[in-house]
Each structure stands twice: as C-alpha cells, then as structure tokens.
Amino acid sequence: MFRFLLQKLLIIVPTFIGITIVAFSFVKFLPGDPVLLMAGERGLTPERHAELMAQFGFDRPFWLQYLDFVWRIFNGDLGQSLVTKKPVIAEFSVLFPATIELSMFAILIATAIGVPLGVLAAAKRGSWFDQISMSLALTGYSMPIFWWGLLLIILFSSTLGWTPVSGRISLLYYFPTTTGFMLIDSLLSGQKGAFVSALQHLILPSIVLATIPMAVLARQTRSAMLEILGEDYVRTAKAKGLSPRRVIGMHAFRNALIPIVTTFGLQIGGLLTGAILTETIFSWPGIGKWMVDSISRRDYPVVQGGLLVIALTVMTVNLVVDFLYAFINPRIRYK
C-alpha cells in the first residue's frame, strides 16, 4: 500500500507542477491590462501606470514572476485579489461550499438515475426501453449546458413559476452561514420556509449540471453490465435457477463496479468544470461564477488560485477512487 501511494505521489507532483505552469501562463497571456482594468474610467498617467505595474510585480521577467508564484503556493499562499484586496484562499473558502453543495446534489441525481437506467438497459438489451433510454442519454450528453439551462429557466421559472431563476435562497430570509452549505444553514436557522426556499433554488441548477454525468454513467453502466452478463459465471448462475434480480444484483453489478466507479470519479472533475457555466447561468455564488468574473476583470491571483484548487480536488478524487478499487474487488492488491 505504501509503495502504491508513493508511486501515485510521484505522478501527482510533476502533474501539479505542470498545472502551475499552465495556470500561470494561461492567465498571463490573456489580452488586456489588469492595471487599466482596475483603474476603470479613471485616467492613468504613464508614471502612475509604471508605479502600479511595479507594485504588483507585473514589470518583472516572466520566469521571476512564475518562481514567486510557485514559492507562494508551497507556502500556502495563493495571493491576494487585485480587485477586492482579500486573500484568495479566504474568498475561496467562502464560495467553495456553494459549489460543493451544487456538485454533490448533481452527482446524487446523476447516480440515482444514470446507474439504474444503465443496469435496466443492459438487462433489457435490444428492447424499446434500451433504445429509448440510450437515445435520451446520448441527447443529454450532446446538449450544451448553457442552452439546456436557459430552456429549463424559460419553462419552469418563467412559464410555470415552479422554481426561482437565480441565487441560493430567497431574499426574504437572512441568517448567518455557519457551514456555508445553504441546506444545512437554513435548517439550523429555524426560520420557517427557509429550507424549502434553499431546496427550490438548488433543484434546477443541479438538474442542469447532472445531465451530462447522468448520460455518461448510464451508457458506461450499460456497457460494463453487458460485458459482465456475457461471462461464464453469470451464465452458470442463470443455469442454477437464480432469479434475474439476484443474478444482476449479486453477480453482474458488483463485478461491473470498477469501470462505473472510475467513470464516477472522472465525472467529479467534469462537475467542477461544468459548474462554471451552470453557476454563471443561474447566478449561483460559487467558485465557477467567481472565476468567470475574475477572468473578465483580469484578476490574475484569483484565476490562478481557482485553477490550482480545482486541479488539486480532481487529483484527490482520482486518488481516492484508486484506493476504492481494493474495497470493491478484493482480488486487487496494492504492492
């Protein structure tokens, strides 16, 4: 186990260094002058512009700026926002729970619908249910998030009035956020209707964000189940007279979990990137909307810090998934 962990860390370290290079270079090559954007409508004299460039270190050579960036990262400092003047890590810690809450709700929806759909499609291979469900999965995978989100807003928010258009909770409710998770904080507040309002605001963006992972999980589950259902031990179980439910649930599904869990882990990263569009459409105050706003303002430290934390989150999830393999399949042993 220790050797396996060491091997993974040896892969993660150079990967993370590569991500720092990409994040730093990508932001630096964005068009626009951050000093002019910070100044807004106010005119800047060349002298004042040069002074601000020196103050923020933008006048130094590229490689020196990168080394300073890496040094701050390894010291736990993601820098300070050029706009709000607050530490990036402080802003991130406030906004990250909103993205986690949205992503968790979305992955629950995707798993609760996508996995059973894939299992049933495999069990009924070639039937009308298989054809329709996989066609819907392909449609969901191909559908642009921004277009799908706007359609749902028009239908459920504007036309039917069932769900709110944006935000995390109605402006009628105000209470201190203890955990940062609105569903939990609304319950702790004790205010009547606060939890229902938070849930109503969460439903629509979660469905939009869950659409693509749901489609991917459904198709991957069906593919994995079909492969397992063709194995000899499954045919033997059927020949022994076991019920179809027991054959599928106890023999086939358990052995198909490895590719399903792998897909599940990959979709976590997809949720964090998909949240950027979803949060922008629904004005959800999470890290996705925060980063989009920061890009438009050329707030370099915020964009760089957000990219790095998202990358670390994805790498951590993948590492956890690798360790889960041994619990799912006892035949797997890490050396």
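**Salt bridges, a helix and some loops**

Modeller: The side chains of D130 and R222 meet in a salt bridge, with N and O 2.7 Å apart. The two residues are 92 apart in the chain: D130 sits in helix α6 (residues 128-142) and R222 in helix α9 (residues 194-229). This is a predicted model, where local features need pLDDT of at least 70, side-chain atom pairs count only at pLDDT 80 or more, and totals for chains, interfaces and linings use all residues. Residues are numbered from 1 along each chain as its sequence is written, and side-chain values use heavy atoms, leaving out hydrogens and water.

Colleague: What is a salt bridge, and how many salt bridges does the count come to?

Modeller: It is a side-chain nitrogen of Lys or Arg within 4 Å of a carboxyl oxygen of Asp or Glu. By this rule there are four. One of them joins R168 to E101, with the closest N and O atoms 2.6 Å apart. R168 is in the loop between α7 and α8 (182-189), while E101 is in helix α5 (residues 88-123), 67 residues away.

Colleague: Are R168 and E101 buried or exposed?

Modeller: Both R168 and E101 are buried. Buried means under 20% relative accessible area, exposed over 50%, and partly exposed in between (1.4 Å probe, protein chains only). D130 counts as buried because its relative accessible area is 2%.

Colleague: How do I check the length of a helix?

Modeller: The expected span is 1.5 Å times one less than the number of residues. Helix α7 (residues 145-159) has 15 residues, so it should span 21 Å; its end C-alpha atoms are 20 Å apart, which agrees.

Colleague: Where is the kink in α7 centred?

Modeller: The kink, of about 30 degrees, is centred on I153. The bend at a residue is the angle between axes fitted to the seven residues ending there and the seven starting there. I153 is also among the buried residues of α7.

Colleague: What should I look for in phi?

Modeller: Most residues other than glycine have a negative phi. K85 is not a glycine, yet has a positive phi of about 65 degrees; K85 lies in the loop between α4 (62-74) and α5.

Key: Helices (H or I, at least four residues) and strands (E, at least two) are DSSP runs, numbered from the N terminus.
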